[in-house]
Amino acid sequence: MIFNLVRPWAIISGGGRGLGKALCLHFAQAGFNIFTFGRDSAALEGLKTALTQNHVDCLVLRCDLSQAADVDLLCAKIKQLDQPQVLIHNAAERCQSFAQDLSLKALQNAWTVGVGAPVQITQTVLPEFMKHGSGCVVFVGSVFGLIGAAEHAGYAAVKFAQNGLAQSMGYEFREKGYPIRVYAFNPGGMNTRMHGPVTRDTLTTEAIAERIFKLCQEQYPWIPSGDSVAYVSQQWRGRLWFELRMLRRRLRSLCYQLIH
Ligand SMILES: NC(=O)c1ccc[n+]([C@@H]2O[C@H](COP(=O)([O-])OP(=O)(O)OC[C@H]3O[C@@H](n4cnc5c(N)ncnc54)[C@H](OP(=O)(O)O)[C@@H]3O)[C@@H](O)[C@H]2O)c1
């Protein structure tokens, strides 16, 4: 709930479609002003029309995050926002191929969109968060950022890096006593343009948006800044299967350390 008379801003990358759009709608319904950006101006304008029905301000910007000049312009716009409170790095390039066919250009592009640009944007927002005494940064990772997958080497490399970034930033800010929380949120399959139709155990973008919203609102106080969380399945069995797989890895690593 927002008690402040000034509506805070949620800055969300890639709001034109998919999860980004669901996030913008969710935060707008909760009373946040929205600043979102992507390459598809028509999709962003459509979203803006939908959002203004919630009586919040909505700014959209055509911005290709792989282009340095676009990101510089974006950062200049971000500096003009009054009271940003949430920053969600949602935009991502697909970068899907067998590792041996992986194009370095595609990898570089995905890296810039998923890692380089988010670092620059976070550095821009940081002083504003500090000025207002609070802020939350979320990297939308993926289950493939916790467990690699065949045909996803490039994508997984970026998603693992996002988890590393979120954890390192989160710990660093905690150590420095900054009032800023950082998380990586790793969803399972959703039916969006990214991976095409996911036929088994599909998560809805609305359900993921709601979980990310709650994370930003500190509704899970046992999750400290710097943690990576996953939500991979609608069913508890799927979630348990995933966590056991992660645990099996940790146990193998523990055995290795104990034996050597
Ligand atoms: N779909 C899944 O199964 C799945 C599973 C786990 C995690 N995720 C993650 O969820 C997040 C959202 O993906 P989605 O499923 O909603 O996919 P999506 O529908 O394809 O949306 C991707 C978004 O990223 C933006 N984007 C991509 N390249 C960009 C660039 N160079 N510059 C600016 N914006 C760019 C797109 O905007 P424009 O097209 O307007 O540029 C679009 O809004 C991603 O981080 C993805 O890795 C997805």
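Which residues does Ile-212 touch, not counting residues up to four places away in sequence? The views below start there. The model is predicted.

**View 1. Ile-212 and its contacts.** Ile-212 touches Leu-23, Ile-88, Val-138 and Phe-185. That list leaves out residues up to four places away in sequence.

**View 2. The largest nonpolar core.** This core holds 62 residues. Which of them touch the most other members? They are Ile-34, Val-138 and Ile-212. Helix 5 spans residues 153-176 and gives the most to this core. Its share is eight residues.

**View 3. Helix 1 beside helix 2.** Helix 1 covers residues 18-29, and helix 2 covers residues 41-52. Their axes come within 10 Å and cross at roughly 20 degrees. Angles under 35 degrees count as roughly parallel, so helix 1 is roughly parallel to helix 2. The crossing is right-handed. Helix 1 brings Lys-21, Cys-24, Leu-25 and Ala-28 to the contact. Helix 2 meets them with Leu-47, Ala-50 and Leu-51. By class, the residues of this contact are six nonpolar, no polar and one charged.

**View 4. Helix 3 beside helix 4.** Helix 3 runs over residues 68-79, and helix 4 over residues 104-132. The two axes come within 9 Å. They cross at roughly 25 degrees, and helix 3 and helix 4 are therefore roughly parallel to each other. Helix 3 passes helix 4 in a right-handed crossing. On the helix 3 side, the contact residues are Val-71, Leu-74, Cys-75, Ile-78 and Lys-79. On the helix 4 side, they are Ala-117, Gln-120, Ile-121, Thr-124 and Val-125. Seven residues of this contact are nonpolar, two are polar and one is charged.

**View 5. Ala-76 in helix 3.** Is Ala-76 buried or exposed? Ala-76 has 10 C-beta neighbours inside 10 Å. A residue with 12 or fewer counts as exposed, so Ala-76 is exposed. How far is the C-alpha atom of Ala-76 from that of Leu-215, and what separates them along the chain? The two C-alpha atoms are separated by 27 Å. Along the chain, Ala-76 and Leu-215 are 139 residues apart.

Key. Residues numbered from 1 in each chain as written. Predicted model: local features only at pLDDT ≥ 70, side-chain atom pairs only at ≥ 80, totals over all residues. Axes fitted to C-alpha atoms, helices over the stretch in contact; angles between N-to-C directions. Helix = DSSP H or I, 4+ residues; strand = E, 2+ residues; numbered from the N terminus. Parallel < 35°, antiparallel > 145°, perpendicular 65-115°, else oblique. Left-handed = near helix turned anticlockwise from the far one by under 90°. Contact = placed C-beta atoms within 7 Å. Nonpolar A, V, L, I, M, F, W, Y, C, P; charged D, E, K, R; others polar. Core = buried A, V, L, I, M, F, W, Y, C linked by C-beta atoms within 7 Å. Buried ≥ 20, exposed ≤ 12 C-beta atoms within 10 Å, placed from the backbone.
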